[in-house]
Amino acid sequence: MIPLSLPLLEGNEWKYVKDCLDTGWISSAGSYVNKFEEMIAEYVGAKYGIACMNGTVGLHIAQILCGVVSNDYVIVPNITFIATLNAIKYTGADPILIDVNKTNWQMDLSVLENFLESKTEIKNSQCVLKENGRIIRAIMPVHVLGNIGNLEKLIKLSKKHHLKIIEDSTESLGSFYKKQHSGTFGDFGVFSFNGNKIISTGGGGVIVTNNEELAKKAKHITTQAKVSPTEYIHDEIGYNYRLVNVLAAIGVAQMEKFPDLLKKKRIMDNYYRKELSNVGDIEFQEVNSNVNANCWLFTFKTKKMRPLLDYLNNNGVMSRPFWMPMNQLEMFKNDLYVTENDNSSSIYETCISIPSSAGINEQEMREVVSKIKEFYTNINN
Ligand SMILES: *Cc1c(COP(=O)(O)O)cnc(C)c1O
């Protein structure tokens with residue numbers, strides 16, 4: 001079976017993990033944590049990086065620091081991984097789900113704009129939903145599959161309507177918008193290093209920001225809000241969300257190889273786009289020319305998604321459908337979903353992801369393409 005997406009562990013991972021074990025620095029204090037934070041911040045061009053256990057808790061902390069509290073709203077796209085919405089619910093806030101654009105699959109900014117203009121107003125310098133007066137505190141754009149929508153427009157709308165911006169950049173390490181890295185446009189950006197992401201620490205995350213005070217607070221509340229290095233005195237409710245040194249050590253090794261890995265991803269993406277461009281009814285995700293995407297997980301649309309999915313999975317090519325739209329999940333059925341044409345559902349019914357490991361070789365890619373072509377030839381006979 002050609003796997004969907006495996007981590008590539010060909011650098012100093014063993015060496016650095018062994019170093020942690022040899023020296024006894026396995027827990028949340030240790031030089032690899034600081035080093036990893038610095039490497040991520042430097043790579044993305046942010047002033048500060050704060051390592052945490054995973055992307056989900058990173059999104060939780062970023063919201064707390066943006067002042068999101070119980071009964072607030074946070075705006076998110078209706079197509080995302082569940083973690084984005086779970087993190088909102090942890091704060092006691094509710095999501096406002098915005099439908100996605102049918103070509104780039106990111107939050108549909110014209111739907112967003114119509115919603116903000118018609119359904120919200122500014123009261124005491126805060127954006128509130130007219131129908132019930134509840135505060136809309138923040139917006140969390142998600143750079144779905146490493147692609148990026150029109151950030152200039154999103155920032156303009158957010159400023160006009162007094163919304164904080166937290167970029168869910170968990171899938172977009174290596175993705176740039178007009179040469180600026182994702183995650184650095186808003187108040188916070190959050191990256192994930194889960195097993196299936198473009199690089200991995202097994203599990204891990206880094207919050208980035210340019211605001212020194214918020215960076216300090218982020219570190220403080222992810223480490224139990226302890227105020228003294230030697231005494232057990234704490235000044236607020238904190239969290240035990242810090243990344244451990246052993247995992248950060250893997251992250252440092254992964255980052256050393258990241259530029260090479262990114263090149264491989266882009267070669268893979270080019271290959272698939274070229275080979276699959278006139279096959280069946282396949283439609284690619286549109287990537288704007290001012291976006292340099294990381295090509296994390298190759299995904300395309302086809303009306304034959306279900307039968308193709310079965311065919312590939314039964315023929316040695318691991319494939320997966322896209323996330324079920326958030327408004328269709330039981331827990332979020334009563335939340336506000338703003339849409340004109342429900343593009344989310346048609347994207348869900350047609351999108352399929354195919355093997356995209358950075359370590360995929362040419363023979364495997366050829367095999368993937370040949371199975372897909374075989375499928376369309378068979379159905380036409
Ligand atoms: C992976 C992911 C997350 C969560 O990251 P974890 O590190 O797995 O907690 C959040 N949002 C999106 C869009 C993701 O893909």
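In the classes used here, Ala, Val, Leu, Ile, Met, Phe, Trp, Tyr, Cys and Pro count as nonpolar, Asp, Glu, Lys and Arg as charged, and the others, Gly among them, as polar. With these classes, the lining of the largest pocket comprises 8 nonpolar, 4 polar and 3 charged residues. The structure is a predicted model.

**Largest pocket**

- The largest pocket holds about 260 Å³ of space.
- Its lining consists of 15 residues, and those nearest the centre of the pocket are Leu4, Asn196, Trp296, Leu297 and Trp323.

**Cavities**

- Rolling a probe the size of a water molecule over the atoms shows where empty space is left.
- The model contains 2 cavities of 30 Å³ or more.
- The volume of the largest cavity is about 100 Å³.
- Around the largest cavity lie Gln106, Met107 and Leu109, then Pro141, Val142 and His143, and finally Ile148, Gly149, Asn150, Leu151 and Leu154.
- The lining of the largest cavity divides into 7 nonpolar and 4 polar residues, with no charged residues.
- In the lining of the second largest cavity, 6 residues are nonpolar, 1 is polar and 2 are charged.

**Helices H1 and H8**

- Helix H1 (residues 13-23) and helix H8 (residues 245-275) have axes that come within 8 Å and cross at roughly 155°.
- Angles over 145 degrees count as roughly antiparallel, and H1 and H8 are therefore roughly antiparallel to each other.
- The crossing of H1 with H8 is right-handed.
- From H1, the contact involves Glu13, Tyr16, Val17 and Cys20; from H8, it involves Asn245, Val246, Ala249, Ile250, Val252, Ala253, Gln254 and Glu256.
- By class, the contact of H1 with H8 has 8 nonpolar, 2 polar and 2 charged residues.

**Helices H5 and H6**

- The axes of helix H5 (residues 109-119) and helix H6 (residues 151-160) come within 11 Å, with a crossing angle of roughly 10°.
- Because angles under 35 degrees count as roughly parallel, H5 is roughly parallel to H6.
- On the H5 side the contact is made by Leu109, Ser110, Leu112, Glu113, Leu116 and Glu117, and on the H6 side by Lys153, Leu154, Leu157 and Lys160.
- The contact of H5 with H6 comprises 5 nonpolar, 1 polar and 4 charged residues.
- Leu109 and Leu154, which take part in this contact, also belong to the lining of the largest cavity.

**Helices H9 and H11**

- Helix H9 (residues 305-314) and helix H11 (residues 362-380) approach to within 10 Å, axis to axis, and cross at roughly 130°.
- H9 and H11 form a right-handed crossing.
- Pro307, Leu308, Tyr311 and Leu312 of H9 meet Lys371, Ile372, Glu374, Phe375, Tyr376 and Asn378 of H11.
- Among the residues of the contact of H9 with H11, 7 are nonpolar, 1 is polar and 2 are charged.

Note on methods. Residues are numbered from 1 along each chain as its sequence is written. This is a predicted model: local features need pLDDT of at least 70, side-chain atom pairs count only at pLDDT 80 or more; totals for chains, interfaces and linings use all residues. Side-chain values use heavy atoms; hydrogens and water are left out. Axes are lines fitted to C-alpha atoms, for helices over the stretch in contact, and angles run from 0 to 180 degrees between N-to-C directions. Helices (H or I, at least four residues) and strands (E, at least two) are DSSP runs, numbered from the N terminus. A crossing is left-handed if the near helix is turned anticlockwise from the far one by less than a right angle, and right-handed if clockwise. Contact means heavy atoms within 4.5 Å. On a 1 Å grid over the protein atoms alone, a cavity is a set of points where a 1.4 Å probe fits but cannot get out, and a pocket is an open set with protein on both sides within 12 Å along at least five of seven lines; lining residues have an atom within 4 Å of a point. Grid points are joined across faces, edges and corners, and a volume is the space filled by probe spheres set on the points. Angles under 35 degrees count as roughly parallel, over 145 as roughly antiparallel, 65 to 115 as roughly perpendicular and the rest as oblique.
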